[in-house]
Amino acid sequence: MTDYFDLIKQRESCRNYKEKEVEKEKLVACIEAARIAPSACNGQPWRFIIVNNKDLSPKISKCLQDLGMNKFTNNCPSFIIVLQEKTDIKARIGGKIKDQDYAPIDIGIATAHICLAATQQGLSTCIMGWFNEKKLKDLLHIPNSKRIRLVISVGYSADTTLRSKVRKSIDEIAQFI
Ligand SMILES: Cc1cc2nc3c(=O)[nH]c(=O)nc-3n(C[C@H](O)[C@H](O)[C@H](O)COP(=O)(O)O)c2cc1C
């Protein structure tokens, strides 16, 4: 089993994919990782649309490229579209009382689970918050009332070496008291 710290260091945003297809079982394992992620009041405010389809994937890619962004997705074989779902009354009341919007937090956690599960299986990902939501909804017949929160590209990286992580120091982000 991969050491957790090795795994999180291996995960990086992949912007250069091989044309190699992704095995369905690996995508199912990623969704299993999301399924067991924690969420506020166990509300599980998510749904995932997995696109692993030679005809559809290039069309998804086009919806991610407003203003010339995310061009690297052109030959990415698979995408996971992360939708926000309405939670049950318990989770909604919890958020209202505490004046917190837990759903996007939960979705972020589930997305991290997906990316790490992908990494563990030799896949590479990029989380994308830049997409044309309307075009994606039209393409995938998603009702206008729903929100797409993130799109994750998934495939095999064409890069052979990992970049070093550019991050703030522990002193800048944490206070031990
Ligand atoms: C919510 C979110 C949205 C992001 N949107 C994009 C995006 O649209 N395009 C992109 O290339 N990278 C996107 N990224 C990736 C970040 O740029 C990347 O995680 C950050 O620079 C750190 O690099 P690393 O993931 O390689 O460690 C996004 C990441 C997150 C968490």
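This tour goes through the structure stop by stop, naming what to select and what is found there.

The model is predicted, and local features are reported where pLDDT is at least 70, side-chain atom pairs only at pLDDT 80 or more, while totals for chains, interfaces and linings use all residues. Residues are numbered from 1 along each chain as its sequence is written, and side-chain values use heavy atoms, with hydrogens and water left out.

**Stop 1: the cysteines**

A disulfide is a covalent bond between the sulfur atoms of two cysteines. Here the term is applied to a pair of cysteine sulfur atoms within 2.5 Å. A search of the whole structure finds 0 disulfides. For Cys 115, the closest cysteine sulfur is that of Cys 30, and the 8.1 Å between them is too far for a bond. Cys 115 is buried, at 2% relative accessibility; buried means under 20% relative accessible area, exposed means over 50%, and partly exposed lies in between, with a 1.4 Å probe and protein chains only.

Next, select Cys 126 together with Cys 14. Cys 126 is in no disulfide, and the sulfur of Cys 14, the nearest from another cysteine, is 7.9 Å away. Cys 126 also counts as buried, at 4% relative accessibility.

**Stop 2: the largest pocket**

Rolling a probe the size of a water molecule over the atoms shows where empty space is left. A pocket is an open set of points on a 1 Å grid over the protein atoms alone, where a 1.4 Å probe fits, with protein on both sides within 12 Å along at least five of seven lines; its lining residues have an atom within 4 Å of a point. A volume is the space filled by probe spheres set on the points, which are joined across faces, edges and corners.

The largest pocket has a volume of about 360 Å³. To centre the view on the largest pocket, select Thr 87, Ala 91, Arg 92, Asp 101 and Ala 103, the closest to its centre of the 18 residues that line it. Helix 4 (89-98) and helix 5 (102-120) are the elements that give two or more residues to this lining; helices are DSSP runs of H or I with at least four residues, strands are runs of E with at least two, and both are numbered from the N terminus. Helix 4 gives the most, with 6 residues.

Colour the lining of the largest pocket by class, and 7 residues are nonpolar, 4 polar and 7 charged. In this scheme Ala, Val, Leu, Ile, Met, Phe, Trp, Tyr, Cys and Pro are nonpolar, Asp, Glu, Lys and Arg are charged, and the others, Gly among them, are polar.

**Stop 3: the second largest pocket**

The second largest pocket holds about 300 Å³ of space. Select Gln 10, Ser 124, Ser 157, Asp 159 and Leu 162, which lie closest to its centre among its 18 lining residues. The lining of the second largest pocket has 5 nonpolar, 9 polar and 4 charged residues.

**Stop 4: the loop between helix 3 and strand 2**

Move to Thr 73, in the loop between helix 3 (57-62) and strand 2 (78-84). Thr 73 is buried, with a relative accessible area of 0%. Its side chain reaches the backbone oxygen of Asn 70 at 2.7 Å, a polar contact (a pair of N or O atoms within 3.5 Å; within protein, one must be able to donate a hydrogen and the other to accept it, and residues adjacent in sequence count only if both atoms are side-chain atoms). Beyond its neighbours within four places in sequence, Thr 73 is in contact with residues including Phe 79, Met 128 and Ser 153; contact means heavy atoms within 4.5 Å.

Leu 67 lies in the loop between helix 3 and strand 2. Leu 67 is exposed, with a relative accessible area of 79%. Most residues other than glycine have a negative phi. Leu 67 has a positive phi of about 55° although it is not a glycine.

**Stop 5: the loop between helix 2 and strand 1**

Select Cys 41, in the loop between helix 2 (24-35) and strand 1 (46-51). Its phi is near 55°, a positive value in a residue other than glycine, and Cys 41 is partly exposed at 34% relative accessibility.

Ser 39 is placed in the loop between helix 2 and strand 1. Ser 39 is buried, with a relative accessible area of 15%, and its side chain reaches the backbone nitrogen of Gln 44 at 2.9 Å.

**Stop 6: strand 4**

Finish at Ile 148 in strand 4 (residues 147-155). Ile 148 is buried, with a relative accessible area of 2%. Not counting residues up to four places away in sequence, Ile 148 touches several residues, among them Ile 81, Val 82, Leu 83 and Phe 131.
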